[in-house]
Structures are given as C-alpha cells and as structure tokens.
2 protein chains.
Amino acid sequence: MPRYKAPVEDVLFLLNDVFNMHRYDNLPGFSDASADVVEAILREGARFCEEVLTPLNRSGDQEGCRRDSDGRVTTPGGFKDAYGQLKEGGWIGISVPEAFGGQGLPFVITQAVNEFLASANMAFAMYPALTQGAIAALLVHGTPEHQVRFLPKMTAGEWTGTMNLTEPQCGTDLGLIRTRALRQDDGSFKLTGTKIFISAGEHDLAENIIHLVLARVEGAPAGIKGLSLFVVPKMSVGADGSLGARNGVTCGSIEHKMGIHGNATCVINFDDASGWLVGAENRGLNTMFTMMNEARLGVGVQGLALSEVAYQNAAAYANDRLQGRAISGVKFKDKPADPLIVHPDVRRMLMTIRAFNEAGRALVLWTALKEDIARHSGDSKERQAADDHMGLMTPVIKGVLTDQGFANTVMAQQIFGGHGYISEHGMEQFVRDARIPMIYEGANGIQALDLVGRKLAKDGGRAVSAFFAEVQACVKQHSSDPAMRPIVEPLGGSLAHLQQATMWFAANALAKPDNAGAGANDYMHLFGLVALGYMWALMNAAAIARLAADANDARMTSKPALARFFAEHILPQTATHLARIKAGAASMMELPAEAF
Amino acid sequence: MPRYKAPVEDVLFLLNDVFNMHRYDNLPGFSDASADVVEAILREGARFCEEVLTPLNRSGDQEGCRRDSDGRVTTPGGFKDAYGQLKEGGWIGISVPEAFGGQGLPFVITQAVNEFLASANMAFAMYPALTQGAIAALLVHGTPEHQVRFLPKMTAGEWTGTMNLTEPQCGTDLGLIRTRALRQDDGSFKLTGTKIFISAGEHDLAENIIHLVLARVEGAPAGIKGLSLFVVPKMSVGADGSLGARNGVTCGSIEHKMGIHGNATCVINFDDASGWLVGAENRGLNTMFTMMNEARLGVGVQGLALSEVAYQNAAAYANDRLQGRAISGVKFKDKPADPLIVHPDVRRMLMTIRAFNEAGRALVLWTALKEDIARHSGDSKERQAADDHMGLMTPVIKGVLTDQGFANTVMAQQIFGGHGYISEHGMEQFVRDARIPMIYEGANGIQALDLVGRKLAKDGGRAVSAFFAEVQACVKQHSSDPAMRPIVEPLGGSLAHLQQATMWFAANALAKPDNAGAGANDYMHLFGLVALGYMWALMNAAAIARLAADANDARMTSKPALARFFAEHILPQTATHLARIKAGAASMMELPAEAF
C-alpha cells in the first residue's frame, strides 16, 4: 500500500519564508489568512488526504468506474463517503467568495491543498478540481442569476462541474467543433452533439452535474469564431435552485484507459439539452481562456503531486530495501546488505526528483500568489505585472511540471526494480496516472507553442523582460556570496542561454515560423529550468536566513545541498536546449510527409 | 487496432550495404546464409509477425494470463495456435546448431527476427526468447547428456525455458539467494525455495518447461561465491527424452503488473524438485554471465522493437488525423484542417524516434554480427576484438535502447493526444510493455555500473580504446566530405566529450568510487549517443553510395536528413552528460539517509 505524508512544512516554508505572503495582508482574503489559520487549514487538509484519500487510491484504480446500461455511473467503493467528507470540510470552496458560500481565502491556499489531494488520490481529486474550474468560469462570466442559481451548490459540493470541449473529430483544434445550439424563444438554447473524454462527466457523488459546453449557435461562423460557451445542467434547476426534470444529457459510455481509473471519462451525448449562454455569443473561446490559466496551473500541480508521492514511496523503499553493498565500502556490516540509498545512482534519482519537487512547488505557489495579486491588488501596475506573470508562467508550469512529473514517477518506479512493475506497491499506478496531465488541458506541445507563439511577444515582450530582469537581479545581488554562488552562478549561465534562445527566435522565427515550432518544446523546458533554478536561489537564500537563526534546523540544512545538486546536475541541460533551438527546423521538416 | 509492418528493407540495407555481412561467408553458418536465403527468412518472419502475432497483441493484453487454483496457467486466446505456427516455422532455432535441430544460421538473423517478434507482440515473444536464453546456457555449459536430452525439444519449441534468479529478498543482489540444493547419491540435487518474477514460468503452450535455477548447494559459501546453476524440468525427462512424472515445481501465483499481460510472470515454488548442475559447482554466476550478453542484447532489442511499432502507429496517425493548420501557412485548403504531420513539434517527435530506431537497429545488428565473429572466426585476434566489442556494447545497448525506447513510446503516445491515453489505439499498451525492459535482466543502473565499473578498465581498456579509435578513424576519413561533414563533425565533438568523461573517471573515480557511481548513468547514455551517432555516419555513407547508383531511391534519400537531424538535435546532449559527470558525487551524496 503506498504511503503519503503531505508536505505541510515545505508549504509553510515557501509561504512564510520564501514568498512572505503576509506582506499582502492588506488584500481581500489575506487578512483572514493569518499564519495560524493557514497552518491549521493545511494540517487539516493533510490529515484528510493522508487518512481518507490515500487508502482509496489503489483500490479505486483496481475497481475503476462502472457504467450501467441505463447510463448511470458508479464510482469505486469508498469514493462516495470520502466525497461526503470533502464537502463537509469545505475543501472545494476555499477561495470561492463568501457570498457564494466559500471561505474567500487566497487562491494560493487552494493550490497548496490541491497538491495534497492529487498526491493522495488524483482520480478522486479531479471531481472537485473540475468543479472549481466550472465555478471559476461562472464567477467571471456567468450572469448574476446563474451565479445565484449554480454557485452555492457547486461550492458546497452538492453539485459538481465539468468542461465539455473535445469531440471525436477535434481535440486541440476546437474550430472543428460541431455540437450545435438552437436558440429558443425564452433566450435559452437546445444543444445537440457528442462530446468525448469528459472527465467526471457522470458519477454517483452528487445529485447534479453542471456541464460547461462549447458549441456553435446555429448560423454562427465556422471555426473558432463561431463558438459559444453554455451552461447545461444534467438535472434542470429552478430559479430557487431546486432540482427539476432530467435534461437531455446522457453518458453514452466510459473509456477504458491507461490510468485515473477512479475518474469516469465519459462520452456525453447532448440531445436537445437545455442550456444557457455563458459570456458573449461567439466569444466562447475567449470565455474559456479566462479560466484557462487556473485550469492549466491545476494540471501542472497534478504533475508535481504525483512526482511528490512517488518520491516519498521511493525514498522510503530506498531506506528499507537491503540490496548490494556501497561502492565506497560496506556501510552496515551487521546486515546482509546495505540499503539501496547508499548507491549513488539511487541517490541521483532521488535527488533529481526531490530537487524538482521542491522547486516546482515553489513555482506553483509563487504563481498562484500572483493570481491573488492580479485579482485583488489595488495597484493597477502590480495587478498588471502579476497578470503578466500568470500568462507567461502558466504554459511553463503546465508543460514542464507534467513532463518532468511523469519522468519522475518513472524514475521512482525504477528504484523499486521489479517490485515497481507489479501493482502491489502502487508505483506503476503513479506512472499511469501521471501520464494524462501531459495530454489534457492542452497537450504539452500546445503549451510550448502558447509560450513561444503568444506569450513571448505579447505587449512587446513585457512579461518576459520583467522575468529576465528579476532573475538577473537575483544573480547579481548574490554573486559575491559564497553560500549563494553555487546556485546563482550556474543560474546566470542558464539565464543567458534562455536570453540567447529568445533572441534567436526574434531573429529567425518571423521569417520562418517553423523555426518557432521546431524549438518550442526545447524553449519551454529551458524556460522551466531557469524558473526552477530561480526558485532554488530564493529557497537557498531563505534557508540560509533560517539557518543563521538555528543552525540545527534539519529541514533547512538539506536546502543548500539540493540547490547545489540542481545547479550542478540539472541546469547543464539548458546548453543542450539552446543548441537544439539554434539548429532550427531544416532537418526536421525536410522529409516529405509520405516518408514517415 | 495497432498496425505493424516489419522493417525488412532496413534490415537488408544494414546487413548488405552498411555491414556487408557477406564478407564473412567463410564462417560456419554464413555460407548457408546467402543474400537470398536471408531475405526469404526475413520476409517470412515479417509475414508471421504482421499477420499472426500483431492481431493478438491487444487482445492478449486485455485478456491476460489466468492461473487456476491447481496452479495451471492459461495464456490468452490465440496464443496457443500462434505458438504452434512459431514452432512449425522453426523460429526458435534459427541459430541453434543443426546437430540439435536448429538451422545453424548466424546469430544476427535471430536478432533481426526477434525485433519483429517483439514489435508484433512482446508478451508472446518472451516465451521463445526465454527458451533461446536457456538453450544458449545449455549449449555452453550443459553436459553432452543434458544437451541431447533437452536441446532438440527446446529448439523445436516442444519445451520452453526460463531463468530463475530473483527471490523475494533479492533482485539485483544475487548473493542473497536462499534457494538450496541438497546433493543426492546419484549426483542429482533436490531443490527447495521460492523464486519470483519468473517470466514464462508456467503456461499452456508447451508440454514441458525447462527451468534454469540459481541455488545454493548445502554447505556452500555465503554470497555469490556459493551459487550454482541447475537445470530443473517441470516434468521429469528420461534419458531418451520421454516425459515422466511431475517434478516438484509449481506456480504459486501470477503477478498483476503494469504490462506484458500476455506473459505469465510467476512465483515458482521448488519443493524437493530434482535438478542437475549446469557448469561447475559454486560457479553459477559465471555460468550465467556467459549467456548474459545475449540475454541483455535481446532485452535491448525489446526497447527498440516497441519504439519501432509505436513509431509506425504514430506516423500513420500523424498523416491521417486532421487537426490545426500549419504554422507556415495552410497546407490543405480543401480539408477542414491540415494533418498533424505539418506541425514541427509533431515532426520533432517522429524524427527523434525514427533517428533513434534506425541507428539502434544498426547498433544491434552490428553487435550481433560481432557475436557471430566471436563464436566462429578462425582468427584469434578477430575473435578477441569481437568479444571485446560484445562485452563493451552489451550494457550500452541494454541500457540506452530500453531507456530511450520507453521514452519513444511515450512520445509516440503523445502524438495521439487523448486518443493515446485510452486503450483503443493500443498506444498506452506499448508504453506499459516498454517499461519492463528498463528493469529486468539487470536494471539499467546496473548496466551503467557494469560499463563504468567493469568494462571500461577491463584488459587495460582494450575494448574502449578500440572503439574510440574506430569512431575517430571514421570522423577523420570523412571530415572533408561535404555530404558527411554534417554528421561526422558533431560526432567528433561528442566523441571528444566521451573521451574526456573516460579520462575524468580515470582521474577521479579510483580515489572516490562514488564519482563512478554518480556519473555512470550519464556515461552510459553519452556512450550510447556516440555509438548511435557512429551508426548514422556509417548509414549515411552507405546511403550516399546507393544514391550515387540510383538518385531516386526514396528510402535512401531519407537517410541524410535523419543523420543530420540526429547530429543537430540529439548529439548536443553529450555536452550535458559530460557536465553532469564532471560535477561528481559530492552534492548527490551529501545528505544523510534519513533526510530522504
């Protein structure tokens, strides 16, 4: 049975020491989030995840979801009871305004807890995560009437939410969507069409499901400019929030898939289903995009979350399992063999994962904090800068944290040897579950294109310039400090690689856009390494400050070693990414399509 | 349903044009392997794999193996019939001496066909592959009597073979083996103990299973120096080869695992089972090692095989699936969208996999040819050089081809987007199946240690010096040829990185062995990149020669683009590997074990 302990101390270190979130105590929500309150929430969330959700992870994978012939879907044993506890704990609405029944606390707290949830049981955590996504869309674009009708029940977890985009003929290319919406006299619409890959599309956890659906109003233009977003409840909802008749929404089948077996991935058939516009007609894609940053950040967190729980299990196994003798000489003469952790190659894998996890968590919380600032700051420049950051860092977090998160689950599995390949220890489930975040919510190739094709040049490169300047300032500030130099010196080198790559695109991608496409994936990862390296610089500085107060703080003594490992063993990759980017598209695009 | 077409033309190009295998026609076996015979064998093997085994791959995964309460194991539907055809075709004994019923053909042919088998159906292919491994052990170490008793039936596929090493408390560390062997008056032994993770350990395909078992003769020294190898048939075998009573060998359970569901991974209980020594007493590990090169080469081939079949399906999907428009401008105005193959990031993935597959296949066949030379050459120097090559390249092929093969299946799956995550297209099965070759037959961390700790310094570095000299000579020979420079110039740079890394170990690993352990994985991959780059140099040269004869040879025109892609987009990784190696073990080993 896999184990999990939520990294509460690490989150507190990041929020309090590294990012000093309490300097924003003047912002709405933050004043209620005192250090004590935050710690209490995190500890209670940790307990729920460790004690309730973790034990259901493997059984949920083995049992999976079941669809009856009438279209009803049953979740794995224990999910319903756990979902009841999730509702009671108010975990869905941590950051939903109090007006709709939430706690109105900072978004950064939600993200911290969402990591715990996904580590403990990703398939389960997707039910509330999709609800949060739908809430976010309705908060920004729903009519006041819809907000009153839907949000309190969704915040309370009485109803869940979904996102209906994909159709058989279109995944990435939403312009191909065919689901159509017929305007009714009362201003509502009747939707007809088939959506696929709908996570949490049907289940037995809640009495209603609020579907957000991209569709095309009859007569709308072709392509993405003819898409509108609709809210389509599974059960009709009266103005007072009471449940009415069944709407024309049914689950046609559930997918057999590689992982996340506890989450029902549905074909959803809309058959003259009543729906209402969310946001402006034919502006559905823009409406979607305003919630995309949050959703993509959330998927990035899934990559981190699985990497974290896989690490914890691999580290425990490496300390327990006796196998072989240390290359530097026997360590435990009285035992039949030394534990795996004595072997440098096992350390290499553990350090790689751990150095990534701690920096990835920092990047997530830093960015979530920016979202809070972008929402609530009274200073328009600060709001803009925070919004710039969100836009820039979202594809990086989604792409890099899920790519590397998956790779890390594979590495953690490797430490178990053959025992990692069988189901018993749960390691192979982490790998299977971690595979999907690289694909959904915009496949990682799309994230890379979003970064290179849209975010870099946006507003004259304002966002990227600000990020470069911030990292550069950190490198400069600490360059003569012997305790910081091991991380900031390599970071400066990697930042230079990133800047060179940025300039190379500026010089070579306008005339030949294939050069941007060819280098986008490498650029995204190069960007991610610099961002993670910057997080290590900040964490190293904060740890040094804490060690100055208490030299025996065991948790802090590990930070400089991890920072140095990241600088020495991970950052060298930036040179390779730069070289590949500069190689351009020529050899990549030379062969005719039929040669493949 | 996934598709597969065996790469017969590519194998012929490698055997005939790149490695000119017919220059060895004076060696035993080669004289019978005329170009026509080789081609006929490959085409018939391709047909069997494409028509018989490929259709059983997905159903075999879904159905899996079933163990009845009496310990009998049933393979998935269709496997038994397909196995019958495998036997009839004589596919197990291609390279087994004619004296034992084989065809006595070169080992390189067996490896070429084994790739086809594993691409088509890896779980199925493991049954004959394990038989081939057991045959190889008995050919070298079996007594003449055992050879007569066991080999003809195994070669014919009437009986299959297994390898019993792992026990619950020991995987990598075979010194911990507890299974014991009690000497009997007639010279035989009674074996008692429990083995786990035994592939093909029990099944319904053959009437007998010949287990090779590592165990400890009572009174033998502790550790690896007290291990002996035994042959333990499931059913007793009379001197005339007739089947007798059931031996004390039973399947206790079969594992639930991530993939290769069609192959039964068994717990095998030995309970006073009659067995006979293979090789010298207490020399079991050495006996095993003589067949280890072949077995590890075979596992490397599995990585390549899954990468190949995943590539073929991804390439077909990329040509079929319409999604998005080319960044360089619309390519198919009359279609609702362009096919995926127009997107540079999709090309990047396809080219990465393809450039690896073609070079990986070359590396395998080159090395298999060396095995033929090592076995059969009349020139002792040539034999020694070939044997050096096998020893050096085996861990590289096993480690690099399985690590990268797995990564390639993940990349191919990514091209399918959400459709790659569901079972329907079979892509997620390739990923699950491709995961195990990284683990079994010596986890890849062990391969890296074998390379760095044993193979580099062996015989004063004779093998590695010869390899470096050969690559260097190729770089030098072609350095002024404009058609070769794009590959040999970067190859020369990467070779320099490899040489620097080798010297760094020489200078830094003796005093501090952790430095060798810390850099071993990077060194193995650096070595692999140079070896694969060298293959591209050879293939490019051979393609240029063929194009000089026929400029329109479409298959040949793709080679220079692939070679250049490999040089520009893959070889830059060698700089990163070198930098990591030189960073050494310090930051990796600094933290105390309890900090993990």
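Predicted model: local features only at pLDDT ≥ 70, side-chain atom pairs only at ≥ 80, totals over all residues.
Me: Why is the pair Asp10(A) and Arg361(A) called a salt bridge?
Reply: A salt bridge needs a side-chain nitrogen of Lys or Arg within 4 Å of a carboxyl oxygen of Asp or Glu. Here N to O is 3.5 Å, so the pair meets that rule. The pair links distant parts of chain A, 351 residues apart: Asp10(A) is in helix 1 (residues 8-18) and Arg361(A) in helix 8 (residues 344-376). Helices here are DSSP runs (H or I, at least four residues), numbered from the N terminus.

Me: Which side chains meet in a salt bridge at 2.7 Å?
Reply: Those of Glu590(A) and Arg564(B). Across the interface of the two chains, the rule finds two salt bridges.

Me: What makes up the contact between chain B and chain A?
Reply: Contact means heavy atoms within 4.5 Å, and it takes 85 residues from chain B and 86 from chain A. The two chains bury about 7500 Å² between them, 60% of it on carbon and sulfur atoms. That area is the accessible area (1.4 Å probe) lost on putting the two parts together, summed over both.

Me: How do you know how confident the predictor is in chain A?
Reply: pLDDT gives its confidence in each residue, from 0 to 100. Chain A averages 97, and 100% of its residues score at least 70. The model also scores ipTM 0.98 and pTM 0.98.

Conventions: Residues numbered from 1 in each chain as written. Chains lettered and ligands numbered in written order. Heavy atoms only, no water. Helix = DSSP H or I, 4+ residues; strand = E, 2+ residues; numbered from the N terminus.
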